[in-house]
Amino acid sequence: MKLSPKTATLLVLVLLIALSPLLFPSGYYYRVGALIFVNAIAVTGIVILTGYAGQISLGHAGFAGIGAYACALAPVHLGLHPGLAMVLGAVISGLMAFLVGRPILRLKGYYLGVATLGFGILISMVLNNERQLTGGPDGMEVPDLGLRGLLKDAGLDLTNGQFWYWFCGIAVIIGAWLALNLFNSPSGRALRALHGSEVAARTVGVDVTRLKLQAFVISAVYASVSGSLLALQNKFITPDVAGFMHSIEMVTMAVLGGVGSVLGAIFGAAVLTLLPQVLTVFAEYEQMVLGLVMMLVMIFLPQGLLPSILRRFRRGDE
Amino acid sequence: MSALLTVEGLGISFGGLKAVDEVGFAVRPGEIVSIIGPNGAGKTTLFNMISGVYLPGRGRVTLNGEDVTGMEPHLLAARGLSRTFQNLQIFQSMTVLENVMAGFHLKERGPVLADLFNLPSSRRRAAEAASGAIELLARVGLDKAAGREAGNLSYGALKRLEIARALALSPRILLLDEPAAGCNAVETEEIDHLIAEVARSGVAILLVEHDMKMVMRISNHVVVLDHGQKIAEGDPAKISRDPAVIAAYLGTEAADAEG
């Protein structure tokens, strides 16, 4: 029996997430895994926006910021449960993406890049400057999600690292499932069509403005959820989550791993989250080595790590 | 029968140059109208204005009694206007089947949430588009290539793929921009038959084509452009005798063909 690409991708993801802990030498690796998953969720959103629809955003960390600070602020000021605060953050991010996306998605290529960059910087500035509300650059505390306690009462005692590993791991699988559903759906086809040829997509009836906006909103919700999960597991958040570097990281992870494929992009997130940890042996040259690796990948494997590797395997088969 | 598409006094200028000026004609259902003219005569520009890709500077386009001048392409598509492109506009990294399925967009589209959650309604819409697309691929002889990435197809096959995608809209009027360009004699004849068959089913066809034999064979009506202006129009027999046309276009072309 031949598996569909969707089933195969999900199966690989589930197995990797479920079996990796067997190889963890210490509890610390649960924490690293959970960080990979947080990035993987944001990057899956980038796959929808950039890989499917061909639109670039250099400001998606802004939405991660909204998601993160929703979890910090809403429980304190609105008395909302942190879990519901995450939902609220996603709704606000989606609305924000809708309002911001309407005018700026008319722009193409690097004009769109610069406009989204502006949006990200704006959010980051607000978080830095509204000290009374956000604590400014010092950051602020985030209340506990409370789910781990509930699980413990139910007889499932997990360490903090284990809990976030499994919680974020499940979120990654759900996120990937949604993105893979979209890929082969009528909407996904229209997105990929406008990526391939905007003029042809319009002439077959695709309302390009509307479709781009949908992709932008969906990817913003992914980024927002990613930011919320980061805030909730760290129980502390600083404006860096909305910073320019974080936006660049998301795009880099997606492009490095292969922006056209969900699995590739998640692989990219894993590589770029792990690499700095591995590269600490290079001490102060860490950033240089990281930059060099990225340049070499883009020069020699322009489609991204995973698609290039898979292609090489397939060629071996023939 | 009354006209499906009427073009009146249509014109556009690019930096002071009148690329198309005061062009008018009409196309009735089931009729094949060809637009011919030397390179740079403004044929593709005219197509781009009719199909909403360019905003016309002057004039009026009426589709089925409705003024659609400057209307966006996706709205024209919903009103039954479909087109192909001279310089191919294929969705390169999608499969051949997916390219044609994209042509079913107006029939298969639905709420994006249904698509995200892979609801039965979404699957049903996609399945209908897929079966329709397979039928169309068989019609243009590409059914065996359905699973291949479109970018890997030969030029002639891509031309037919574009026609299949345009037909997926079930158009009332089909604009074909040089459908036989770069195709060999056999392929040209196949496209020729396909166009005639589509026209017989009641679809109006507006054709830009350089292959004069094909134009003269299948057209009901021919419009001749030169330097953006209409210099003649009429049935193929009349056009091939028109002195202005021979001077502007057929003169050199016919001499080349016979020499």
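These questions and answers walk through a predicted model with chains A and B.

Residues count from 1 along each chain as its sequence is written, and chains are lettered from A in the order in which they are written. Local features need pLDDT of at least 70, side-chain atom pairs count only at pLDDT 80 or more, and totals for chains, interfaces and linings use all residues.

User: How far apart do the C-alpha centres of domain 1 and domain 2 of chain B lie?
Analyst: Domain 1 of chain B covers 1–80 + 171–259, and domain 2 covers 90–170. These bounds come from an automatic or database domain assignment. The C-alpha centres of the two domains lie apart by 27 Å.

User: Which helix gives the most to the side of domain 1 of chain B that touches domain 2 of chain B?
Analyst: Two residues are in contact if their C-beta atoms, placed from the backbone, lie within 7 Å. The contact takes 13 residues from domain 1 of chain B and 12 residues from domain 2 of chain B. Helices (H or I, at least four residues) and strands (E, at least two) are DSSP runs, numbered from the N terminus. With 5 residues, the most on the domain 1 side comes from H8(B).

User: What is the order of the strands in the open sheet of chain B?
Analyst: Two strands pair if DSSP finds at least two bridges between them. The pairing in this sheet of 6 strands is mixed. S6 and S10 of chain B each have a single partner strand, so one side of each is left without a neighbour in the sheet. The order is S6-S7-S8-S3-S9-S10.

User: Which residue is the bridge partner of Leu174(B) in S8(B)?
Analyst: S7 (residues 173–177) and S8 (residues 204–208) of chain B run parallel. They are joined by 5 bridges. In S8(B), Leu174(B) has as its bridge partner Ile205(B).

User: Why is helix H9 of chain A largely enclosed by the rest of the structure?
Analyst: A residue is buried if 20 or more other C-beta atoms lie within 10 Å of its own, exposed if 12 or fewer, and partly exposed in between; C-beta atoms are placed from the backbone. Among the buried residues of H9(A) are Arg189(A) and His195(A). The helix is largely enclosed because its buried residues number 11 of the 11.

User: How many residues of chain A are in contact with chain B?
Analyst: Chain B brings 35 residues to this contact. H2 and H6 of chain B are among the elements that each supply at least two residues of that side. The number of chain A residues in contact with chain B is 22.
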